[in-house]
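Subject: Structure handover

Hello,

Please find the structure below. My notes on what was found in it follow.

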Amino acid sequence: MTEPASAPDEPVTVVLVDDHALFRRGVRAELESLARRTVSVVGEAGSVDEAVAVIGHRKPDVVLLDVHMPDGGGAAVLSRTRPDHPDVVFLALSVSDAAEDVISVIRAGARGYVTKTISGHELADAVVRVRAGDAVFSPRLAGFVLDAFADRPGATGVVDPELDQLTRRERDVLRLLARGWSYKEIAAELVISVKTVETHVSSVLRKTQSSNRHELSRWASDRRLV
Amino acid sequence: MVPVDEATTLHTGTPPVTAETPAPTPAPTPTEPPTRPGPAIPRIRRRRQGAVIAGVTGGVADHLGVDVLRVRLVFVLLVAAAGAGFVAYAGLWLFCPIEPRGVRRDVPPRERRQGLGLATLGVLLAFILSGLGGQLSGWVIGPLVVVVIGVALVWREADTGGAAVEGETGWRARWLVGRRLGLLRLLAGALLVTMGIAVFLLGNVDLGQVQFGVLAALATLAGVVVITVPWWMRLVRELGTERRERIRGQERADIAAHLHDSVLQTLALIQKQAGEDVAGREVRRLARSQERELRAWLYGPPGGDAGRPAGSTDATLAAALATAAGEVEDDYGVRVAPVVVGDTELDPNTTALVAAAREAMVNAAKHAGVDEIDVYVEVEPDVVEVFVRDRGRGFDPDAVPEDRRGLAGSVRDRMTRHGGRVRLRTAPGEGTEVGLVLPRSRRGTPAPATAQEESR
């Protein structure tokens with residue numbers, strides 16, 4: 001997942017999956033009106049079946065995925081396309097605020113989560129970053145993950161300490177992310193390189209996806225993901 | 001719209017053969033009904049339509065994929081084997097669910113006649129055989145037949161709830177499946193059962209004893225009914241209430257899902273598309289405010305613990321902070337996105353913290369010249385921290401201009417009065433972050449085991 005984009009000049013190809021045609025049109029217009037065309041929209045889909053078909057047909061670099069759709073949502077698209085197309089990267093794009101929705105899409109394999117009110121410029125930036133192998137944590141996602149990994153009294157015992165706890169450093173990085181800091185600012189604050197910040201965030205993503213922690217498992221099992 | 005063949009081939013994992021299938025167009029598509037690929041464990045489901053007694057043999061035939069006539073024959077033969085068929089049939093009747101309504105099947109009249117004949121044959125066979133074997137005396141067999149038929153009638157009625165089956169015509173529809181005669185059938189069944197038992201008793205027991213026994217039984221029964229009347233009433237009422245609650249919950253979930261998929265999306269779109277002029281800003285402010293209200297109704301307080309149901313009390317830090325953020329959003333037309341980790345109750349100290357945070361947000365909204373403010377709250381066992389961050393113009397803290405008095409006076413004083421402190425990070429052009437730190441007194445918290453958190 002860490003190989004860089006094929007060529008620096010070539011725009012990242014993107015498929016939009018959202019059941020609202022109006023919203024797809026808005027996002028597409030916004031991405032295409034950017035001065036630097038780093039992202040090019042090559043397909044759209046309005047349902048899970050369509051998404052599976054379009055992704056298989058177009059083989060995009062990145063899929064911008066709505067969490068909520070009438071016929072199963074982003075998690076369904078992920079579970080149906082990831083086995084056949086392991087190279088495609090998914091970035092969740094949603095208006096949903098519910099932690100369990102966000103966490104379950106992440107656990108289904110999305111590499112990040114941004115809210116729909118994100119600006120076109122930031123969205124393009126996030127797309128390029130997930131394509132390059134980064135995880136994209138919006139402040140809200142960082143907050144959810146911190147909450148899920150919080151050591152509450154009364155929480156079930158830790159099953160796998162390697163996976164079920166964040167290191168102190170990862171926690172620091174997440175906290176700054178939740179405060180709305182950029183990777184560069186975090187790197188400067190913690191006196192580490194931007195690359196190290198990225199490594200920490202990727203590691204947090206991996207732990208979020210595979211940890212057996214009670215809170216995470218519960219969210220996932222509610223959605224029949226595990 | 002994607003061509004159907006392409007979608008289906010991809011669904012099964014094989015790549016489409018034709019390379020020139022047109023790329024799916026971005027046209028809006030009607031959403032399809034949810035297709036949930038459930039685990040395919042086939043269960044025996046009794047047939048609703050085309051059943052002679054309870055649809056058991058039909059269900060077994062469907063399950064095994066054999067002709068229903070064979071299954072019926074096997075059951076009849078089993079009946080001959082010391083009545084095992086009866087037990088098997090009754091067991092399957094009790095434990096197998098009936099198939100859902102609306103499954104249409106064409107049952108030829110011949111099959112039904114055959115089934116009816118076989119059922120009669122089986123019953124007769126059982127009694128003849130048992131009579132021949134001398135296991136049961138004639139006195140027992142006669143009443144037993146009556147009782148079995150009565151029980152079958154009553155069970156059948158209770159089973160289907162007397163609902164009419166579509167597609168039934170003629171005498172059968174009128175006498176066996178019609179809704180109107182349900183009560184009559186029920187009574188007839190009960191009568192048959194009683195008669196069977198009565199005949200059985202009369203034949204075996206002395207008449208005087210029977211009279212006494214019947215009276216005693218009736219008296220007991222009446223007593224039990226009278227005593228348990230309130231319980232029955234409550235049961236009925238509770239059933240009704242529970243059903244209403246369930247329907248309301250379901251309705252609410254449907255409405256929430258619908259609002260989420262339609263109104264919230266539209267509000268997000270409006271915020272993105274609104275222009276930068278005065279009118280655009282006003283539209284954006286309104287859309288944001290509506291989005292926040294709807295979100296609070298759908299998911300509980302924004303930024304708070306998402307597991308909490310909507311409409312819970314306002315008396316927590318997360319909820320109070322969300323309210324404050326909402327007010328600032330409305331008053332100044334900026335987006336305030338609170339992210340909250342953990343939560344705690346409101347006491348005078350945390351109330352002051354919320355007020356200070358609100359002041360910091362107002363400051364950022366007024367002076368930073370941006371339209372988005374990040375707010376992060378983390379509640380830990382020994383400290384509560386709030387960070388209000390903007391990416392605006394920032395300022396030189398050593399040369400605080402007059403209009404920044406709000407920060408110094410209101411925020412800093414408030415915090416120090418309640419034992420907290422303010423950490424300010426800012427520089428011209430680099431935005432501002434106001435960090436509010438409030439140590440928590442251990443007194444108020446219901447002392448959780450502290451060892452676990454001490455390392456922080």
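**Helices α3 and α4 of chain A**

Helices α3(A) and α4(A) are roughly parallel to each other. The model is a predicted one, and the notes below should be read with that in mind. The axes of α3 (residues 73–81) and α4 (residues 99–108) of chain A come within 9 Å and cross at roughly 5°; an angle under 35 degrees counts as roughly parallel. On the α3(A) side the contact is made by A:G74, A:A75, A:L78 and A:S79, and on the α4(A) side by A:S104, A:V105 and A:A108. Sorted by class, that contact has four nonpolar, three polar and no charged residues. As background, an α-helix has 3.6 residues a turn, so residues three or four places apart point the same way.

**The sheet of chain A**

Chain A has an open sheet of six strands in the order β2-β1-β3-β4-β5-β6, with parallel pairing. The edges are held by β2 (39–45) and β6 (136–137) of chain A; each has a single partner strand, so one side of each is left without a neighbour in the sheet. Helix α1 (residues 21–32) of chain A packs on this sheet, where it touches β1 (12–17) and β2 of chain A, and its direction makes about 165° with that of β2(A). Further along the order, β4 (residues 89–94) and β5 (residues 112–115) of chain A run parallel and are joined by three bridges. In this pair, A:L93 stands opposite A:V114 of β5(A).

**A:D66**

UniProt, in an unreviewed entry, places "modified residue: 4-aspartylphosphate" at A:D66. This residue lies in strand β3 (residues 62–66) of chain A. Is A:D66 buried or exposed? A:D66 has 27 other C-beta atoms within 10 Å and is therefore buried, the cut-off for that being 20 or more. Leaving out residues up to four places away in sequence, A:D66 touches A:V17, A:D18, A:D19, A:G74, A:L93 and A:S94.

**Helix α2 of chain A**

Helix α2 (residues 48–58) of chain A is mostly covered, with 10 of its 11 residues buried. Among the buried residues are A:D49, A:E50 and A:H57, along with A:V48, A:V52 and A:I55. After α2(A) comes A:K59, which has a positive phi near 45°.

**The sheet of chain B**

In chain B, five strands form an open sheet in the order β1-β2-β3-β5-β4, and the pairing is mixed. β1 (335–341) and β4 (421–426) of chain B stand at the edges with a single partner strand each, so one side of each has no neighbour in the sheet. On average, and ignoring direction, neighbouring strands are turned by 15° against each other. β4(B) and β5 (residues 432–439) of chain B run antiparallel and are joined by six bridges; B:R423 stands opposite B:G435 of β5(B).

Two helices are to be noted here. Helix α11 (residues 317–332) of chain B packs on the sheet and touches β1 and β2 of chain B, its direction making about 170° with that of β1(B). Helix α6 (residues 139–149) of chain A lies across β1 and β2 (372–379) of chain B, running at about 15° to β1(B).

**Annotated spans of chain B**

An unreviewed UniProt entry lists "transmembrane region" for residues 73–95, 115–132, 138–155, 182–202 and 214–236 of chain B. For residues 214–236 of chain B, the span is 100% helix and 0% strand, and its end C-alpha atoms lie 30 Å apart.

Regards

Methods
Residues numbered from 1 in each chain as written. Chains lettered and ligands numbered in written order. Predicted model: local features only at pLDDT ≥ 70, side-chain atom pairs only at ≥ 80, totals over all residues. Axes fitted to C-alpha atoms, helices over the stretch in contact; angles between N-to-C directions. Helix = DSSP H or I, 4+ residues; strand = E, 2+ residues; numbered from the N terminus. Parallel < 35°, antiparallel > 145°, perpendicular 65-115°, else oblique. Contact = placed C-beta atoms within 7 Å. Nonpolar A, V, L, I, M, F, W, Y, C, P; charged D, E, K, R; others polar. Pairing = 2+ DSSP bridges. Buried ≥ 20, exposed ≤ 12 C-beta atoms within 10 Å, placed from the backbone. UniProt positions renumbered as here; feature names shortened; annotations may be inferred.
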